[in-house]
Amino acid sequence: MNKLHVHLDGAIRVQTILDVAKRRGISLPADTVEGMTQIIVLKKPVTLTKFLGKFAEYMHVIAGDREAIKRIAYEFVEDKAREGVIYVEVRYSPHLLANTKVEPIPWGQAEGDVSPDDVVRLVNQGLSEGESAFEIKARSILCCMRHMPNWSMDVVELCKKHQSGGVVAIDLAGDESLNCEANPEHRKAYEEAERCGIHRTVHAGEVGPPCVVREAVKVLKAERVGHGYRTLEDQDLYKELLHQNMHFEVCPISSKLTGACEPDFTKHPIITFMKDKANFSLNTDDPLIFNSTLQHDYHKAHKHMGFTEEEFKRVNICSAESCFLPEEEKNQLVRRLLEEYGKIQSTAF
């Protein structure tokens, strides 16, 4: 399996949060895995805004700590290997894990010595060491934040600087319901990304109207759309994107709990994507907050949306074909899947 849409800061082990808090002398509202899990995990649908508020429960523990940042990246790779993932692109905001050279400093932290550049280096190290230890391939995507346009040009510069270290793309994330239209600074950053050949994805159409998807594709020149469910409300746009073979990074369980889609999975927009043979992948988004794994999302798709084994195979191949690896590595990934699915003979290559 492949995974193209998962947030590093939404995929941290609860035990790691407790360990780091203890080492740093940070008090938490609970001191057990069970207790913190009850606080962090969403149990029923809320708004996207309330969902994003969950990060404030624990991000101050990890941010600004070099050992913790590298650890969560390494453990992330281990966790994905256990899920059966062979390739993953994990995204995060370097600025939200930093405590210097970022304005404002997030999570109420005091000024420290971990810059966004340090964060990217530490995450790259953790992912690389995880790759070697667990024999899967992991790459990263750096996020601009809708509510912090002053960070965006820095993000694209970090993408350029760390391409050789495993950064494959830029993203625009954050609360789409509060910031529908991309700020000029976001647009400027994406123009620079396109100019430099940096791959681009954008969170759009999760809770915002189809015009956000249109802007992502037409103005920001996104090559993939994060979520994109509301695209179906504009059939002309949807048909155009189908024709373009635009890739949608869909997240079933996430879409229910963030209020992006109605709770009834049997009426989910993903069913339309499936029936139309759209180019999309199944992903977990923030497994810590949703207390889920990729298997849970696959189970929901099978049980409630009519996904068959052949459809899962098709979606995984779509995922591989739409990943942001260099062309040769991408082709190798696609061939590996085709071989495993018995669609080609390995001797053909």
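**Close-up views of a predicted model**

**Figure 1. Glutamate 129 and its partner, lysine 70.** Glutamate 129 is partly exposed, its relative accessible area being 39%. This view, like the others, is taken from a predicted model. The side chain of glutamate 129 forms a salt bridge with that of lysine 70, with an N to O distance of 2.9 Å.

**Figure 2. The salt bridge between arginine 24 and aspartate 65.** The closest N and O atoms of this pair are 3.5 Å apart. Which parts of the chain does the pair tie together? Arginine 24 lies in helix H1 (residues 14–24), while aspartate 65 sits in the loop between helix H4 (59–62) and helix H5 (66–82), so the linked parts are 41 residues apart in sequence. Is aspartate 65 buried or exposed? Aspartate 65 is buried, because its relative accessibility is 9% and the cut-off for buried is under 20%. Arginine 24, with a relative accessible area of 31%, is partly exposed. In total, the structure holds 37 salt bridges.

**Figure 3. Arginine 200 paired with glutamate 223.** The two side chains meet in a salt bridge, at 3.7 Å from N to O. Arginine 200 is part of strand S5 (residues 199–204), and glutamate 223 is in the loop between helix H9 (210–218) and strand S6 (224–227), so a strand and a loop that are 23 residues apart in sequence are tied together. Arginine 200 has a relative accessible area of 9% and is buried. Glutamate 223 is partly exposed, at 30%.

**Figure 4. A network of salt bridges.** Which residues are linked here? The network is made up of Arg13, Asp19, Arg71, Glu75, Glu78, Asp79 and Arg82.

**Figure 5. The cis peptide bond between glutamate 103 and proline 104.** The omega angle of this bond is about -5 degrees. Proline 104 is located in the loop between strand S2 (87–92) and H6.

**Figure 6. Asparagine 245 and aspartate 285, each with a positive phi.** Asparagine 245 is not a glycine, yet its phi is about 65 degrees. Where does asparagine 245 lie? Its place is the loop between helix H10 (235–244) and strand S7 (247–250). Aspartate 285, also not a glycine, has a phi of about 70 degrees. The loop that holds aspartate 285 runs between strand S8 (279–282) and helix H13 (287–290). Aspartate 285 is buried, with 2% relative accessible area.

**Figure 7. Threonine 258 and its contacts.** Threonine 258 is found in the loop between helix H11 (252–257) and helix H12 (269–275). Is threonine 258 buried or exposed? Threonine 258 is buried, because its relative accessible area is 1% and the limit for buried is under 20%. Which residues does threonine 258 contact, leaving aside its neighbours within four places in sequence? They are Val46, Thr47, Leu48, Phe51, Glu206 and Phe290.

Terms used
Residues are numbered from 1 along each chain as its sequence is written. This is a predicted model: local features need pLDDT of at least 70, side-chain atom pairs count only at pLDDT 80 or more; totals for chains, interfaces and linings use all residues. Side-chain values use heavy atoms; hydrogens and water are left out. A salt bridge is a side-chain nitrogen of Lys or Arg within 4 Å of a carboxyl oxygen of Asp or Glu. Helices (H or I, at least four residues) and strands (E, at least two) are DSSP runs, numbered from the N terminus. Buried means under 20% relative accessible area, exposed over 50%, partly exposed in between (1.4 Å probe, protein chains only). Contact means heavy atoms within 4.5 Å.
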